[in-house]
Amino acid sequence: PFQKNLCMIGRSTGNWRIRDTVAKYIKSRLPIVISTGMTSDPSAAKKLEEPQGEPITAYYPYLPNTIVLIDSSWSIDPSIRKGSFEIGVDESSSTGPLFAILAVKDTSGNVLVGAEPELASLYPRRLQGKWLRCPEAIRENDPNRFLAQIVAYDSSFKTPRFQKVSGGKIDITGVVFPEEVAWRQNKDGWIFIIRIEKWKIQKIKRQDVRRKHAEPYFVRAGRSGRSDLAVRIPELSNLHEKKIAVFGLGCLGAPSVLELARCGVGELRIVDFDFVEPGSTVRWPFGLKTFGKQKTDVIENFINEHYPFTKVVPWTHRIGAVAFPGRKYSDLEVLDSVLDGVDIVYDASAEPGLQYLLSDLAAERCIPYLAISTTHGAWGGIVARIRPDQTEGCWKCFLQNLKDDSFPTPMFDSAGEVQPVGCADPTFTGTGFDSSVIALGGVRLAVSTLLAGRDKGYPDFDWDVATIDLRDQSGKPIASSWKTFALKKHPSCSCSKNF
């Protein structure tokens, strides 16, 4: 739109052929491009144009490392031509401040639209700005000329209202205009001009004089509403209604929790007592800045900051430990609170006693139970679920089937155990990228369980247990493939006997 280019071929490199020539394009395609671009009849253009929107805001040269968050679901009455906005600022980033529009107002101060409270709560510091509606996009890619056009529309935007941020003073102006967001469909587009107060050297009567100067820059709008974050994962649209209890935040539980937050799960109740040991971060999601911190705190803080639409309820508690002075809650109090109203129990503890306990508690409460574990060396792993009134067998049936090889035991490294210096317990060896395969398998099964039967939801699996080998018997890496099984009642389990 600024260099006046015409696209005679689609953006994908797959549209280009090595025998295509400039002459051929000018002769055969240029007339089609011009006539198609000029027509207002969608049916005439449908088979000729790429089926995608062309938002003009994709072409402006933006200030790097900054963004202003908005919500594409906002709808502002087109008759309202200008107003003010409240904008939150996050100055914690080392590369520069980040912004979010928290409330858009008319000239009387009435709130027209605003950010959702989960997002707004991340921005305690607030600034003020002004916005203007233009009848069409301003076709200037130079911020000074762009700003001159705004002032031509409304002279009240000429004088900046500077406000302090770290490193100086700024003024922020928003411009709203119609732009194509889908093929031949227009909606309000946003672009922002940030004016930064700077000192400028000017020569006056042969002397250098320092004067304040407002330098304008384009800042891109980033769409971060709940619907914006869900549009790429339509099969997961109902996950915001779900609550998951996760036990264990090690190399399986921590990546699982982060993936579930990315999926848009409504609430995650996380239980772990451990702190971040420096050596463990070779297969844990976070590194040096988290050393010594409680795993529950690290995970909670990260999700709150980066995935605010997922609520995190942390429990820093070691289930089964000997009670100590100052302990606030008993095991049963913690378990009752964590399991109350959840939609699935996600057991990443890989601890046999906890697996017995949690599977029984889940069965009593008619909650689906899912367990994941890896083997020594991270040579293999297991994912298993039990659904009330759907899975035939119980957890003890699963263990019996595993014992008699009805389910194959995944490959393991017989020497894959080590007790690092300073650690109170031995741990298994193995890479983070291998163990993450098992964690992601658990997340897939959990999501499919939560959304089973939902129209257009993520499809369910037709099995209960899956095992995976990542190495062969000699330890050679192999292409991973899952073997899947239904969990049937085992003849020797008490659940298969009548009393």
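1. Cys-263 is buried in this predicted model, because its relative accessible area is 11% and the cut-off for burial is under 20%. The residue belongs to helix 6, which covers residues 253–263. Leaving aside neighbours within four places in sequence, Cys-263 is in contact with Ile-233, Leu-236, Leu-239 and Val-447. For Ile-233, which is 30 residues away along the chain, the C-alpha atom is separated from that of Cys-263 by 7.7 Å.

2. Thr-66 also deserves a comment, since it counts as buried at 10% relative accessibility while being placed in a loop, the one between helix 2 (42–45) and strand 1 (68–70). A polar atom of the Thr-66 side chain lies 2.7 Å from the backbone oxygen of Pro-97. Pro-97 is also among the residues that Thr-66 touches, the others being Leu-98, Phe-99, Val-219 and Arg-220, when residues up to four places away in sequence are not counted.

3. Asp-347, located in strand 14 (residues 344–347), is a charged residue that I would look at with care: Asp-347 is buried yet has no salt bridge, and the nearest side chain of opposite charge, that of Lys-396, is 12 Å away. Its side chain is, however, joined to that of Ser-349 by a polar contact of 2.7 Å. Not counting residues up to four places away in sequence, Asp-347 touches Phe-247, Leu-354, Gln-355, Leu-358, Tyr-369, Leu-370, Ala-371 and Ile-372.

4. Most residues other than glycine have a negative phi. Asp-389, however, has a positive phi, near 65 degrees, and is placed in the loop between strand 16 (380–386) and helix 10 (395–403). Asp-389 counts as exposed, because its relative accessibility is 82% and the cut-off is over 50%.

5. Asp-405 is the other aspartate to check, with a positive phi near 70 degrees. Its place is the loop between helix 10 and strand 17 (417–418). With a relative accessible area of 53%, Asp-405 is exposed.

Conventions:
Residues are numbered from 1 along each chain as its sequence is written. This is a predicted model: local features need pLDDT of at least 70, side-chain atom pairs count only at pLDDT 80 or more; totals for chains, interfaces and linings use all residues. Side-chain values use heavy atoms; hydrogens and water are left out. Helices (H or I, at least four residues) and strands (E, at least two) are DSSP runs, numbered from the N terminus. Buried means under 20% relative accessible area, exposed over 50%, partly exposed in between (1.4 Å probe, protein chains only). Lys and Arg count as positive and Asp and Glu as negative; His and the chain ends are not counted. A salt bridge is a side-chain nitrogen of Lys or Arg within 4 Å of a carboxyl oxygen of Asp or Glu. A polar contact is a pair of N or O atoms within 3.5 Å; within protein, one must be able to donate a hydrogen and the other to accept it, and residues adjacent in sequence count only if both atoms are side-chain atoms. Contact means heavy atoms within 4.5 Å.
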